[in-house]
Amino acid sequence: MPEKSGRPKLLQAMFDAFSLPDLRRRILITLGILLAFRVVAHVPMPGVDSAALANMMESNPILGMLDIFSGGALKNFSLLALGVYPYITASIVMTLMTPIVPALQRLSQEGESGRNKINLITHWLTVPLAALGGWGQLVLMQREGVVAASEPLMTAAIIISLTAGTLFLVWLGEQITQYGIGNGVSIIIFAGIVAGLPTLIGQGYLAKDQFLGLAAYLIIALLITILIVIFTEAHRRIPVQYAKTVIKSGRMYRQSGASHIPLRVNTAGMIPLIFASALVIFPGTIASYFMNPAGSDPNFANTIYNWFNPNTGLPVGLFYWVLFFLLTIAFAFFYTMVVFEQQDLPGTLQKQGGFIPGIRPGKQTANYLNAVIRNITWGGALFLALVAVFPFIANQITGVQTLQLSSFGMLIVVGVVLDTMKQLEAQLVMRRYEGFIK
């Protein structure tokens, strides 16, 4: 065990990490890949009108969500404008389809080889999704006057480039996962959000004349961050007993052991927010193509756009946020139940000779675990719904309209930081160094 110093634990852990050649190599590889990602994110597509692109990004809220997954590349319409969103979509589709399609269900039960095959299918599914997303983005850019070129060859070149950019980002993420520190795709998204911090600081500077409101906004953001940490780590431990039969020298011995199953309060992560946000923004996005321009008489499409626009003033604007709140709760329950059914914990326990004290194996164990996961999911669902409407609540309480914090961004940043810290902690403890997580 290395000698202790007078430095704070977190600072000492960083010194220890860089003193280990293998861990230092992993950290430097991660930083190098992130640097390459940021460089490529600034390679623009040809023929882009920057002013028209900026206006479109401000007027279309769904593009703001997609810009998070592109690491800020969409606002420049660069080579990585699609980000990792097609891959995330493909992963979600595969997760939902695995318990439904028998062939995928069999693959999921084949261990590591089955998971590798499912991962390969996910990569192949990413290609058409990325091509479709690239075509949709290009059509939108052409409609808004951002990209003037419409020749078939130029159109095909842009779509292929955007698809290749997505696959390049996924490949970079996998390199981080294999040779670096943390979950690669999550760190790619994290790096894009952190790259937007200067813009966030600039927004705060614009609100400097509202000092009390700005201070209240930052306090609320800090409280929400603490809440995210608590609910990200929160879980309920289900006690489990294991019984084993061992035969030695012709005699049978029974051995027992105790463990627990950690059921997370927020099993679904941020997936419900993605589903709910996409669904609640979609009607307004479609309506924006058919509504009358500003200054003329509004039609039905204008009404739909106002109802499904997060920037609409009260009382009409309340509809968007209430619907967002309720959809987040609904998708949290839906996705949690899908994931829980896919894990098949009762069957796994029975195969391993485990049982929950006081609960009979089989159907009663399944009913008990289903009841527990439903009860604790209420906490996770309400937490996600509160995070979803945090920007609206903060703006209404403080009156600060120039500063905008993303619910997705906060969840991603906190989750990635916690996961990366745990991996660093595990690497240090494995090498008999003192960690920094108490």
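This is a predicted model: local features need pLDDT of at least 70, side-chain atom pairs count only at pLDDT 80 or more; totals for chains, interfaces and linings use all residues.
Local features need pLDDT of at least 70 and side-chain atom pairs count only at pLDDT 80 or more, while totals for chains, interfaces and linings use all residues. Residues are numbered from 1 along each chain as its sequence is written, and side-chain values use heavy atoms, with hydrogens and water left out.

**View A. A nonpolar surface patch that includes Leu222.** Ile219, Leu222, Leu223, Ile226 and Ile230 make a patch of about 500 Å² (residues with over 30% relative accessible area and no salt bridge, nonpolar side chains joined within 5 Å; areas by the Shrake-Rupley method with a 1.4 Å probe; a salt bridge is a side-chain nitrogen of Lys or Arg within 4 Å of a carboxyl oxygen of Asp or Glu). Leucine 222 lies in helix H11 (residues 211-233) (helices are DSSP runs of H or I, at least four residues; strands are runs of E, at least two). Its relative accessible area of 53% makes leucine 222 exposed (over 50%; buried is under 20%, partly exposed in between).

**View B. Asparagine 266 in a loop.** The loop runs between strand E2 (251-264) and helix H12 (271-287). Asparagine 266 is buried, at 11% relative accessibility. Beyond neighbours within four places in sequence, asparagine 266 contacts Phe231, Gly380, Phe383 and Leu384 (heavy atoms within 4.5 Å).

**View C. The largest cavity and its lining.** The cavity has a volume of about 40 Å³ (the space filled by probe spheres set on grid points joined across faces, edges and corners). On a 1 Å grid over the protein atoms alone, a cavity is a set of points where a 1.4 Å probe fits but cannot get out, and lining residues have an atom within 4 Å of a point. Pro346, Leu349, Gln350, Gly354, Phe355, Pro361, Gly362 and Thr365 line the cavity. Helix H15 (345-351) and strand E3 (354-355) each supply at least two lining residues; H15 gives the most, with three.

Note on methods:
Patches are made of residues with over 30% relative accessible area and no salt bridge: like charges are joined within 9 Å, nonpolar side chains (Val, Leu, Ile, Met, Phe, Trp, Tyr) within 5 Å. Buried means under 20% relative accessible area, exposed over 50%, partly exposed in between (1.4 Å probe, protein chains only). On a 1 Å grid over the protein atoms alone, a cavity is a set of points where a 1.4 Å probe fits but cannot get out, and a pocket is an open set with protein on both sides within 12 Å along at least five of seven lines; lining residues have an atom within 4 Å of a point.
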